[in-house]
Amino acid sequence: MTRVLSGIQPTGDIHLGNYLGALRQWTSDQHAHDSFYCAVDLHAVTVQQDPKQLRSKTLETMATLIAIGLDPNICTLFVQSQVHQHTELSWLLECTVSYGELKRMTQFKDKATKQGDSGQEHISAGLFTYPALMAADILLYDANRVPVGDDQRQHLELTRNIAERFNSRYGNIFTIPEAAIPAVAARVMDLQSPNVKMSKSLNSPQGTVGLFDEPSTIGKKFKRAVTDSDNDVRYDWAKKPGVSNLLSILGATTGKDPEILADDYHQYGPLKNDAADAVITAISPIQVKRAELLGDKAELNRIISVGAEKARQVAAKTVAKAKEAMGFL
Ligand code: TRP
């Protein structure tokens with residue numbers, strides 16, 4: 001059976017782009033594959049986090065993952081830092097990857113430059129070795145398939161290289177994973193700048209639809225979505241990105257083809273209203289479920305610790321094999 005693993009950072013707020021573009025796929029994958037999903041809090045601290053904030057965001061992320069439909073009885077759902085094998089294997093992999101390989105990672109270069117630009121001098125060593133920890137996340141579970149966004153393609157390629165190098169040095173220990181970059185996942189762009197992906201790091205509160213926004217806020221954001229002035233509804237990303245984005249969101253939330261949906265509309269107003277309504281209908285059960293989970297922290301923590309225990313069973317075996325192969329006593 002195919003083994004799937006993916007991770008999400010417990011920072012920022014989950015938005016519609018995360019949900020339609022990636023997370024929703026996780027919920028269907030759990031039925032088809034043996035799936036592992038984690039909140040990667042160790043990755044989050046590669047940049048400084050407020051401890052209180054990290055704790056509450058991690059709980060919220062776990063509640064959100066369950067609320068969108070990941071079933072802890074079907075998949076293995078856990079918090080990365082609770083499975084200490086991640087840090088342990090990460091060191092072995094840091095000693096397998098080269099300085100030059102890490103230096104070529106575009107995400108490191110981007111993040112390091114961004115921090116430098118914002119006047120923040122401190123760039124942690126962890127930000128640099130981030131890909132070794134990510135490789136550990138994946139290799140610990142013998143994952144064959146790793147659903148990630150296109151921005152993580154380079155990290156996946158590096159994970160494969162690390163695994164191959166380790167295997168050729170020490171014997172066949174790791175499964176070589178493949179990236180599963182969704183080909184048909186909904187394209188969800190920023191409502192204010194439809195040429196860029198909806199993103200929590202973009203800092204565009206009006207263009208980003210939070211999964212936990214109030215229905216009235218969602219309505220307003222769609223009403224103010226940027227379109228164009230010719231009032232012609234067509235699914236055409238090159239010429240009409242704003243309108244196409246609305247059609248894409250409406251299609252993804254109703255299960256219809258955006259191109260066909262375009263025929264039903266002759267004005268932008270009704271399209272915006274219907275897109276907002278479809279989003280609200282799709283996400284309100286998720287909002288209710290998440291609030292319920294966060295209302296009973298004891299039960300939520302119990303679910304989280306069961307997940308960690310399940311993950312540890314698998315991870316411990318891999319670490320034992322890797323350490324044995326490298327010659328540790
Ligand atoms: N680096 C990923 C991101 O920023 C998150 C991540 C950490 C991840 N470990 C992972 C994704 C393992 C897939 C598999 O999106």
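**View 1. Arg290 forms a salt bridge with Glu60.** The closest N and O atoms of Arg290 and Glu60 are 4.0 Å apart. A salt bridge is defined here as a side-chain nitrogen of Lys or Arg within 4 Å of a carboxyl oxygen of Asp or Glu. Under this rule, one salt bridge is found across the interface of domain 1 and domain 2. The model is predicted: local features need pLDDT of at least 70, side-chain atom pairs count only at pLDDT 80 or more, and totals for chains, interfaces and linings use all residues. Residues are numbered from 1 along each chain as its sequence is written, and side-chain values use heavy atoms, with hydrogens and water left out.

**View 2. The protein is divided into domain 1 (3-185 + 297-326) and domain 2 (215-291).** These bounds come from an automatic or database domain assignment. Between the C-alpha centres of domain 1 and domain 2 the distance is 32 Å. Contact, meaning heavy atoms within 4.5 Å, involves 10 residues of domain 1 and eight residues of domain 2.

**View 3. About 750 Å² is buried between domain 1 and domain 2.** Buried area is the accessible area (1.4 Å probe) that two parts lose on being put together, summed over both. Carbon and sulfur atoms give 76% of the area buried between the two domains. Of the area that domain 1 buries against domain 2, 51% is supplied by Leu16, Leu20 and Ala67, more than by any other three residues.

**View 4. α1 (16-32) and α3 (51-67) each supply at least two residues of the side of domain 1 that touches domain 2.** Helices (H or I, at least four residues) and strands (E, at least two) are DSSP runs, numbered from the N terminus. With five residues, α3 gives the most to this side of domain 1. By class, the side of domain 1 that touches domain 2 has seven nonpolar, one polar and two charged residues. Ala, Val, Leu, Ile, Met, Phe, Trp, Tyr, Cys and Pro count as nonpolar, Asp, Glu, Lys and Arg as charged, and the others, Gly among them, as polar.

**View 5. Asp142 has a positive phi, near 50°, in a residue other than glycine.** Asp142 is found in the loop between α7 (125-139) and β4 (145-147). With a relative accessible area of 26%, Asp142 is partly exposed; buried means under 20%, exposed over 50%, and partly exposed in between (1.4 Å probe, protein chains only).

**View 6. Asn231, which is not a glycine, has a positive phi of about 55°.** Asn231 lies in the loop between α9 (215-223) and α10 (241-254). Asn231 counts as partly exposed because its relative accessibility is 39%.
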